[in-house]
Amino acid sequence: MKNWKWGKKLKKRRMWKKYVTMLFAPFFLSGCSLLPAEETGGHVVIVHAVDSVQYDLAEVTREDVELIKDLYCTYQQTKEESLCFGTQGRRVRYLYVKVGENVKKGDLLAELELDDLEEGIDRANYELGKMTILLSQAKELENFDLDVLKKQYDRGELTHTQYEARLQQINENYKNQIMEYEDAIYIAKLRLDKMEKELAGCRIYAGIDGMVSMVRSGLLDPGEAPPKLDTEIARVIDKSHCNFCLNEMEYAEYFKPGDEYELINNNGEVYKTKVMSAQEAPDTENIYFSLVDADVTLAVGTRAYARLVLDSRKDVLTLPKFVVHQAGEESYVYYEDENGLKSVRYVTTGLAGSKLVEIVDGLEEGDMVIKR
């Protein structure tokens, strides 16, 4: 039994030696080989030299730094009128103008359906005229009768008592008649005044010379409801009263009345203007610029900007704004060190302008930094 166990242990030792020999054989064989790689069939590794990186550089220069703000203005009319009908309950009958048409002050622009309004005015005028004539006749007849009575009395045809009685009778007769005519005239005038006001409210006239800039659409559609009193029907602008308007009042302190400013459009055209005073301007809610030289060809809606220099530094070290980077509150640039590697250098900056940044410390004039 002991011999069987010993034989089993011996067999395990031999198997272990066999596995160890197989495991380490490749290492021993490769280490003992004296042949060069090309003769043993091995691979040759070729190492290439790495070219140095070429950076796009920017130079620290001495220039002026400016913080610029472009404020856009619009060339617009400053005199216009919004037109509404003065009455309601009637549909629109006529529109006499279209957008873009020029009109003169007093031109009829639109009209409501008048129904029998004009006929009513004609009847009222007739009645008023009739009552006025009857009143005049009554007064003339009264004066005639009084004159006849006086002559009869003067000739002695009437006693004093008869004269007084007849005088009283004439006055009473004509007094009632005249009062009736005067009352009728008063009522006719009230009725006529009401109808004439309503007629005036049914028509819209241009109050200024100018151009029609808006006409409400759909007014003549069959199903369109009568416009209300506050419904804008048309708008007329006076193109001869146009100015550039800036609605950014927070910059008002930079524009003093009477100062001249050059406004520039996106095509580079320059308009010489003058800042309008509060008395000249249409309102105090915007900043207005009037053209120094009138230009009738300048279209309403033209945009141009006023360039403001909000802050500046003269003759200081600068770098383009895009090459200076931020890390929290610190500023830094990239530069190429003595080994040709991209490195970081922290700098102290001053005014950050629209294009350039002021360099206060960390770089000197002529130093080169990496753009990207």
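The lining of the largest pocket has nine nonpolar, four polar and three charged residues. The model is predicted. This pocket has a volume of about 310 Å³. Of its 16 lining residues, Tyr75, Lys239, Ser240, His241 and Cys242 are the closest to the centre. The protein chain has 372 residues, and 29% of them count as buried.

**Second largest pocket**

- The second largest pocket holds about 200 Å³ of space.
- It is lined by 14 residues, and those closest to its centre are Met276, Ser277, Ala278, Asn286 and Ile287.
- By class, the lining of the second largest pocket divides into ten nonpolar residues, three polar and one charged.

**Overall fold and surface**

- Four helices and 19 strands make up the secondary structure of the protein chain.
- Among contacts between residues at least 6 apart in sequence, 73% join residues at least 24 apart.

**Nonpolar cores**

- The largest nonpolar core has 38 residues. Phe85, Val103, Leu109, Leu117, Ile204 and Val236 touch the most other members.
- At least two residues of this core come from each of strand 6 (108-112), helix 3 (117-154), helix 4 (160-201), strand 8 (210-215) and strand 9 (234-237).
- Helix 4 gives the most to this core, with ten residues.
- Another core lies apart from it and has 19 residues, including Phe244, Tyr261, Tyr271 and Phe289.
- Leu117 is one of the members of the largest core that touch the most others. Leaving out residues up to four places away in sequence, Leu117 touches Arg90, Met195, Glu198, Leu199 and Cys202.

**Buried polar and charged positions**

- Glu358 lies in strand 18, which spans residues 356-361.
- Glu358 counts as buried because its relative accessibility is 12%, below the 20% cut-off.
- Not counting residues up to four places away in sequence, Glu358 touches Val65, Arg313, Val316, Leu317, Thr348, Thr349, Gly350 and Leu351.
- Glu358 and Arg62 are 296 residues apart along the chain, yet their C-alpha atoms are separated by 9.2 Å.
- Thr231 sits in the loop between strand 8 and strand 9.
- Thr231 has a relative accessible area of 15%, so this residue is buried.
- The contacts of Thr231 are Leu83, Cys84 and Arg216, not counting residues up to four places away in sequence.

- Most residues other than glycine have a negative phi.
- Asp115 is not a glycine, but has a positive phi of about 50°.
- The location of Asp115 is the loop between strand 6 and helix 3.
- Asp115 has a relative accessible area of 62%, so this residue is exposed.
- Asp315 also has a positive phi of about 50°, although this residue is not a glycine.
- Asp315 belongs to strand 14, residues 303-320.
- Asp315 counts as partly exposed because its relative accessibility is 48%, between the 20% and 50% cut-offs.

- Ile68 is in strand 2, residues 61-77.
- With a relative accessible area of 27%, Ile68 is partly exposed.
- Ile68 and Val309 are 241 residues apart along the chain, and 4.7 Å separates their C-alpha atoms.
- Ile68 touches Arg307, Leu308 and Ser354, not counting residues up to four places away in sequence.
- Asp122 itself is exposed, with a relative accessible area of 53%.
- Asp122 and Leu192 are 70 residues apart in sequence, and their C-alpha atoms are 8.9 Å apart in space.

Technical notes: Residues numbered from 1 in each chain as written. Predicted model: local features only at pLDDT ≥ 70, side-chain atom pairs only at ≥ 80, totals over all residues. Heavy atoms only, no water. 1 Å grid on protein atoms, 1.4 Å probe; cavity = no way out; pocket = protein on both sides within 12 Å on 5 of 7 lines; lining within 4 Å. Points joined across faces, edges and corners; volume = space filled by probe spheres on them. Nonpolar A, V, L, I, M, F, W, Y, C, P; charged D, E, K, R; others polar. Core = buried A, V, L, I, M, F, W, Y, C linked by side-chain atoms within 4.5 Å. Buried < 20%, exposed > 50% of the residue type's maximum accessible area, 1.4 Å probe, protein only. Contact = heavy atoms within 4.5 Å.
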